Amino acid sequence: MGKNMKEQSADLLIEEVAVVTMNESQDYFSDGYLAIRDGMILKAGPMHEASAWRAREKLSMKGCVAIPGFINAHSHIGMSFLRGQADDIRLYDFLDRTFPVLFQSDHEVVYLFALLACAEMLKSGYTTTVDIMEQLPATAAAVSKSGMRGKLSPNIVNFLDDTKTDRLLEENIGYYEKYQNSASGRIQIDFNIHAPYSCSKQLMTKIKQAAQLRKADIHLHLSENLEEVSAIREKYSMTPTEYLDSLGILGPDVLAAHFVQVTDHDIDLARIRGIRVAHNPASNMKLASGFAPVAKLLKAGILVGLGTDSCVTNNRLDAFDTMKWTALIHKGNTQDATVLKASEVLNMAGAKGARSIGLDTIIGTLEAGKRADITFVRMDGKPHCTPWIKERAENTISHLVYSMSPADVDMVMVDGNILVKHGKVIAFDEKLILKDAQKAGEKLLNKTLYAN
Ligand SMILES: [Zn+2]
């Protein structure tokens, strides 16, 4: 067998599928194929070239579109036992209501609900989540079990009490040392700062130094609402963004969730320092935080990914919802129907999303050398996307952003492993987890929120 022949062999050949590559030249194959070996994409191309490949297994996905697995740039998956328990209240009342329950939740309950959140996300086409959660060992176990990819950090918050600072710093470093590159490399560990109003200067600078030393990223909440801005202004005569910058926190290693109530100077700072933003449209609307200036951020060249935030402020972990919210909110708010086009929004959930979380060297596009994290959305036989002019990339993308829902997700793979098939989770026993979670969730809420 010649060298050339060897290069043309794959483990799996997925055939007769429309492929949205999201690569630099935005290649689209209306009738395409994907060759996968050892969990990596070897080639995405037009179907008439597929005959050059030999494969151990072939799978036709006729009637489906293959897209890079969605990226959830901001989540709190272990909090989903609080879904529907803190609606219609202000952010600070929300934190007052949920923090005591979170601090009383144990490993088991966080694990069960994080795993359920993974099931919900996978069935919506998410393959990666960037998560903040107190009990990181529990979320890491859930992400590992689910087969998903995760970039995880603990919730680092000292409520400005520096007696806790060193312990919290050690906790984040300990998690980094234990879990970085675990789950066959699917888990990465970030450093965390809950928010500039809930962490002391000392804690934030120490976290920054620890992250820099390890070339790790920092995930934080920033400028979520006007109350935060007023509180920081009153104390330091600066905006939250200016305040973090004065402490040397801001840089390309920072992923800032929200970035809603910001000034033009904040946007300038974000651009100059190269911070990235996780936009959470549903959460911003539900907590009445305001409209993040997403169109402006994109124009300034700031990397913006899309997040769900926790399902307590959403209340769904739904990639399609999140895309549609993003497009519609900003069109309405700017009164300009041309902003946040479907192709831009899909990109924010895919290739740009991967750049926003710093994983674009391994995921985010369907092209040679990337991990096989792929979502397949079924387009045929669906009233809500008929007709589908398959040959037109723009029509395919329009349907994906504006018309489709998690119910249309047919298959999801991470690292070439099939985790969802025919819309059902096959990576673990979802029914069993549901039963245990119902029991554990009820017990926790009855002894906390509903105890009197
Ligand atoms: Zn959050």
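Predicted model: local features only at pLDDT ≥ 70, side-chain atom pairs only at ≥ 80, totals over all residues.
Asp-309 has 29 C-beta neighbours inside 10 Å, and because the cut-off for buried is 20 or more, the residue counts as buried. Its phi is near 60°, a positive value in a residue other than glycine. Most residues other than glycine have a negative phi, and most peptide bonds are trans. Asp-309 sits in the loop between E14 and H12.

Stay in that loop, which runs between strand E14 (304–306) and helix H12 (319–334), and select Asn-315. The bond joining Asn-314 and Asn-315 is a cis peptide bond, with omega about -5°.

Next, go to Gln-335, in the loop between H12 and helix H13 (342–349). Gln-335 also has a positive phi, near 50°. Is Gln-335 buried or exposed? With 7 other C-beta atoms within 10 Å, Gln-335 is exposed.

For another cis bond, select Thr-386 and Pro-387: the peptide bond between them has omega near 5°. Pro-387 belongs to the loop between strand E15 (374–378) and helix H15 (393–403).

Now move to helix H3, residues 107–123. Its 17 residues reach 24 Å from first C-alpha to last, close to the 24 Å expected at 1.5 Å a residue. The helix is mostly covered, with 15 of its 17 residues buried. Following H3 is Gly-125, with a positive phi near 95°.

Finally, select residues 66–418, which an unreviewed UniProt entry records as "domain: Amidohydrolase-related". The span is 43% helix and 16% strand, and its end C-alpha atoms lie 13 Å apart.

Conventions: Residues numbered from 1 in each chain as written. UniProt positions renumbered as here; feature names shortened; annotations may be inferred. Helix = DSSP H or I, 4+ residues; strand = E, 2+ residues; numbered from the N terminus. Expected span 1.5 Å × (residues − 1). Buried ≥ 20, exposed ≤ 12 C-beta atoms within 10 Å, placed from the backbone.
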